[in-house]
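Subject: Handover of a structural model

Dear colleague,

Please find below the structure that I am passing on to you.

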Amino acid sequence: AKPQSESARTIVSRLIAGGIAGCAAKTVTAPLDRLKILLQAHHKQYANTSIYEGLLRIYRNEGFRGYYKGNGAQMLRVFPYAAVQFFAHDRYSKLLPYLAGQQSEVLRFMSGSLAGVTAVTMTYPLDLVRARLAFQVKTKYYNGIADCMRVIWTQEGPRGFYRGFVPTILGMVPYAGISFFVFGSIKRYLLQFEPLRKDDFRLYSPVVMVAGAAAGITAQSLSYPFDVVRRRMQIDRFHQSQYRSTLSTMMHIYHESGIVKGLFRGLSLNWIREVPQVAVAFTVHELMKDAFGLHDPHMSAHV
């Protein structure tokens, strides 16, 4: 059926629901996210540290606020990013089957991928600013979000805001596609079991968290090397332009540190981070849809 147009109020409600879900998820895992950036970019003060040692070192060096350094830029990015991603996924999930004349597993994957690409394209400069701020430890290159944006514009030009954009997109296609696809597949399967569901198209929150965690781990594991490349290119200001392209950066990391300690550096931390992050994101999004009355009984066939 042709996708139905929605009222402005419904559209705004969908955007708010997605934005709140994203902010809640990122706030829960912000300390692990900060440590992940320091490990991925091989910050000299965090070389060869365990997750516990790394978190302890952040506290000793910068206090509790150190766990949330760069989180202001993170929230500015995450709210519109998550809002657009969840909203776009809803739209693509209805539009693509309508255009193709049928639903399929490929279209479910494409809906997630396109949603992720749409969201990251619209919010990427803030992700880069957040990474630059989070990489600072004792030496301060930037005095906040506005100063960081000013310096990037002055020293690197408009293109500077999109350093690492290509590996981000290359990683986002499988990450968002797999994440939404796995979550939707698990949700459709579990809705068959009456004890796990509130009604024919809603699962209980703990069940949603389990489905979200499984989706996050699967998606992150398969797309992780692109995330490492992205971070290296984003903080390239500190490494004086060693990383000029996606391929050269990937090869540089491989020759420097290998596959496990280079391209998959920090993956175990990311698993610990990804489980609560994706679980919270999907769970809060489902709860927000309940609060705003946004659940579409027909969407259980599309998610």
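The protein chain carries 36 positive and 19 negative side chains, with the centres of the two sets 7 Å apart. In this count Lys and Arg are positive and Asp and Glu negative, while His and the chain ends are not counted; the place of a charge is NZ of Lys, CZ of Arg, CG of Asp or CD of Glu.

Please note that this is a predicted model, in which local features need pLDDT of at least 70 and side-chain atom pairs count only at pLDDT 80 or more, whereas totals for chains, interfaces and linings use all residues. Residues are numbered from 1 along each chain as its sequence is written, and side-chain values use heavy atoms, with hydrogens and water left out.

Overall form

The protein chain contains 11 helices and 2 strands, where helices (H or I, at least four residues) and strands (E, at least two) are DSSP runs numbered from the N terminus. Read from the N terminus, the order is α-α-α-α-α-α-β-β-α-α-α-α-α. The C-alpha trace spans about 55 × 40 × 35 Å along its principal axes.

Of the 303 residues, 51% are buried. Buried means under 20% relative accessible area, exposed over 50%, and partly exposed in between (1.4 Å probe, protein chains only). The chain exposes about 14000 Å², of which carbon and sulfur atoms supply 63%; these areas come from the Shrake-Rupley method with a 1.4 Å probe, and for residues only the protein chains shown count as cover. Among contacts with a separation of 6 or more, 77% involve residues 24 or more positions apart, a contact being heavy atoms within 4.5 Å.

Salt bridges

Side chains of opposite charge can pair when their charged atoms come close. The whole structure holds 26 salt bridges, each defined as a side-chain nitrogen of Lys or Arg within 4 Å of a carboxyl oxygen of Asp or Glu.

One of them joins Glu62 and Lys69, at 2.7 Å from N to O. Glu62 is buried, at 19% relative accessible area, and Lys69 is partly exposed, at 22%.

Another links Glu105 with Arg108, whose closest N and O atoms are 2.8 Å apart. Both residues belong to helix α4 (residues 105-135), and because they are 3 residues apart there, about one helical turn separates them. Glu105 is partly exposed at 41% relative accessible area, whereas Arg108 is buried at 12%.

A further salt bridge is formed by Asp290 and Arg202, with 3.0 Å from N to O. This pair links distant parts of the chain, since Asp290 lies in helix α11 (residues 267-292) and Arg202 in strand β2 (residues 202-203), 88 residues apart. Asp290 has a relative accessible area of 25% and is partly exposed; Arg202, at 23%, also counts as partly exposed. Elsewhere, salt bridges with shared partners join Glu6, Arg14, Asp90, Arg91 and Lys94 into one network.

Selected helix residues

Helix α3 (residues 71-100) includes Ala73, which is buried at 1% relative accessibility. Beyond its neighbours within four places in sequence, Ala73 contacts Leu126, Val129, Arg130, Leu133 and Ile145. The C-alpha atoms of Ala73 and Leu126 are 6.1 Å apart, although the two residues are 53 apart in sequence.

Gln85 is also placed in helix α3 and is buried, with a relative accessible area of 10%. Not counting residues up to four places away in sequence, Gln85 touches Ala115, Gly116, Ala119, Ala176 and Phe180.

Gln220, in helix α7 (residues 205-234), is buried at 5% relative accessible area. With residues up to four places away in sequence again left out, Gln220 touches Tyr175, Asp227, Asn270, Arg273 and Glu274.

Finally, Tyr52 lies in helix α2 (residues 51-62) and counts as exposed, at 61% relative accessibility. Tyr52 and Leu269 are 217 residues apart along the chain, and their C-alpha atoms are separated by 10.0 Å.

Yours sincerely
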